Amino acid sequence: MTGFLRLIPVIEAIHIINRISPAVGTENVPLTAAYGRILAEDVQADTDIPGFDRSVKDGFAVNCADTVRASEAAPVPLTRVGQVVMGRGGNSPAIRPGECAYIPTGGALPKGADAVVMLEYCQDLGETVLAGRQVSPGENIIRADEDYARGEGVLAAGKHLKVQDIGVLAAVGVSRVAVRKRPVIGIVPTGIELVPPDQVPAAGEVRDVNSYLCGAFVEEMGGVPRYYGIVRDDRAELAALLSSALDECDAFLITGGSSKDDRDITADVIGSLGEVLAHGMALAPGKPTIIGKIGHAPVIGIPGHPASTRVVLAVLAGPLLRSLSGCTGRREAKQKAVLTRNIPSERGREEYVRVKLLGDEAVPLFGKSGLLNTLVESDGLIRILQGWEGLEAGCEVDVTLW
C-alpha cells in the first residue's frame with residue numbers, strides 16, 4: 001500500500017476548487033421562479049422608491065413649525081382641511097400654516113407638510129385638531145428617494161435570492177430575472193459491496209447511502225443531482241461512465257474508491273481522463289479526499305464512510321457548488337454554544353466534530369466515521385483548526401448548523 005502523495009490544508013483544497021470551478025451559464029426566469037436562485041447581473045432601481053414623500057404612521061400631516069410649542073399639557077390647535085386618500089396623492093389637500101390633514105400609513109404627504117404627528121398624540125375635534133406633541137422636519141415620513149434613488153444599485157450579481165430580495169426586485173420593476181443556471185452534479189457511487197436501498201444486503205454488503213447524501217446536499221445548495229448507477233470497482237467501467245456523462249454534468253462527486261489500496265480506483269481513473277490535483281487532505285474525517293478535473297468538470301472523490309462524506313460535503317462540496325453557481329453572498333448558518341466535554345485533536349489536521357445542541361450547550365457526539373446514528377442525532381459541526389490540540393469543556397464554540 002502506498003502513502004498519500006501530500007496532505008494539503010483545507011484552505012488550499014478550497015482554493016483549488018474555486019480555481020477549477022467557473023460559474024455556469026445564465027438564464028432568465030419569471031420573478032415567481034427566482035426565489036433561491038443566484039442573481040447573474042447587478043440590478044439598479046428604475047425609479048425613485050417610494051417615488052413620493054409618504055407617511056409611515058397614521059396621524060396628521062403638518063408643518064412642523066406649527067408644533068414648536070406643542071405638548072400634552074398644552075396642545076396646539078390646527079385647522080383640519082381634509083384627509084389624504086390612498087393612491088390619489090394628487091388630490092390631497094395642500095397644507096398652509098396652521099392647518100393639518102389626516103394621513104394614513106403609506107399616504108402621500110400633502111404639499112406644504114413636512115412631518116406627521118402620530119394619531120395617539122392628537123385629539124380630533126372635527127374641524128379642529130389638537131396636536132399634543134412637537135415634531136421635527138421629516139419625522140414619521142419617508143422621502144421620495146430615501147429607500148432607493150433612481151439608478152442606485154439594489155442587488156449585486158452573485159446574491160442568493162431570499163424572500164426579501166424577491167420583494168425588492170418587484171419594487172424596482174423586475175418581472176424576469178437573470179440568474180445562474182443550476183449546476184448539474186453527477187453522483188457516482190463506487191464499491192463492489194454496494195447494493196441499492198430497496199435491496200436487502202447480504203453478508204458483506206451495504207446499502208448505497210452516500211449517493212443520496214450527496215444528491216440531497218446538491219439540492220440544498222441549489223444544484224441538480226444526476227444519479228448514476230453503482231460502479232463495481234472496475235476501472236474501465238468508471239472511465240466509460242465519466243466519459244459518457246461529461247457532456248451532461250458540470251461536476252462530479254464520486255463516493256468511495258479514494259483510499260490508497262490496490263482495489264480503489266478513483267484517483268487512477270481521474271488521472272487517466274484528466275488530472276488529479278490533490279489526493280489527501282489534512283482533514284478529519286475525510287483524509288483520503290481527492291480533487292481533480294476531467295475536461296471542464298471538477299471532480300471530488302469522497303471517502304465511503306457516511307460521516308466522512310457529510311463532512312467533505314460541508315467543507316469542500318459546498319465551495320464547489322457556490323463557485324459553480326457564482327454565489328458570493330450565501331453564508332453558513334452558525335450558532336454559538338458552550339462545549340460540554342473536552343475534545344482532543346491531533347495537531348497537523350483540521351478536524352470537524354459532530355455535536356448536538358441542547359439549549360446553549362454543544363454536546364460532542366464521538367463515533368466512528370462509518371456510523372450513521374451520530375449524523376442523525378447531530379445538529380452541526382465544530383471546527384478545530386489544524387494547529388490546535390483540541391478544545392476544553394466550558395469554552396464557547398461556533399457550531400456550523402447542518
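This briefing walks through some salt bridges in the model above. The model is predicted, so local features need pLDDT of at least 70 and side-chain atom pairs count only at pLDDT 80 or more, while totals for chains, interfaces and linings use all residues. Residues are numbered from 1 along each chain as its sequence is written, and side-chain values use heavy atoms, with hydrogens and water left out.

Taking a salt bridge as a side-chain nitrogen of Lys or Arg within 4 Å of a carboxyl oxygen of Asp or Glu, the count is 10. Side chains of opposite charge can pair when their charged atoms come close.

**Arg80 and Asp124**
- Arg80 and Asp124 form a salt bridge, with N to O at 2.4 Å.
- This pair links distant parts of the chain, 44 residues apart: Arg80 sits in strand β5 (residues 76-83) and Asp124 in strand β8 (residues 122-124). Strands here are DSSP runs of E, at least two residues, numbered from the N terminus.
- Arg80 is partly exposed at 22% relative accessibility; that label covers what falls between buried (under 20% relative accessible area) and exposed (over 50%), using a 1.4 Å probe and protein chains only.
- Asp124 is partly exposed too, at 43%.

**Asp398 and Lys336**
- Asp398 and Lys336 meet in a salt bridge at 2.9 Å, N to O.
- Asp398 belongs to strand β28 (residues 396-401) and Lys336 to strand β22 (residues 334-339), so the bridge ties together parts 62 residues apart in sequence.
- Asp398 comes out as partly exposed, at 37% relative accessibility.

**Lys334 and Glu332**
- Lys334 pairs with Glu332 in a salt bridge, N to O 3.7 Å.
- Lys334 is partly exposed at 47% relative accessibility, and Glu332 is partly exposed at 42%.

Key:
Helix = DSSP H or I, 4+ residues; strand = E, 2+ residues; numbered from the N terminus.
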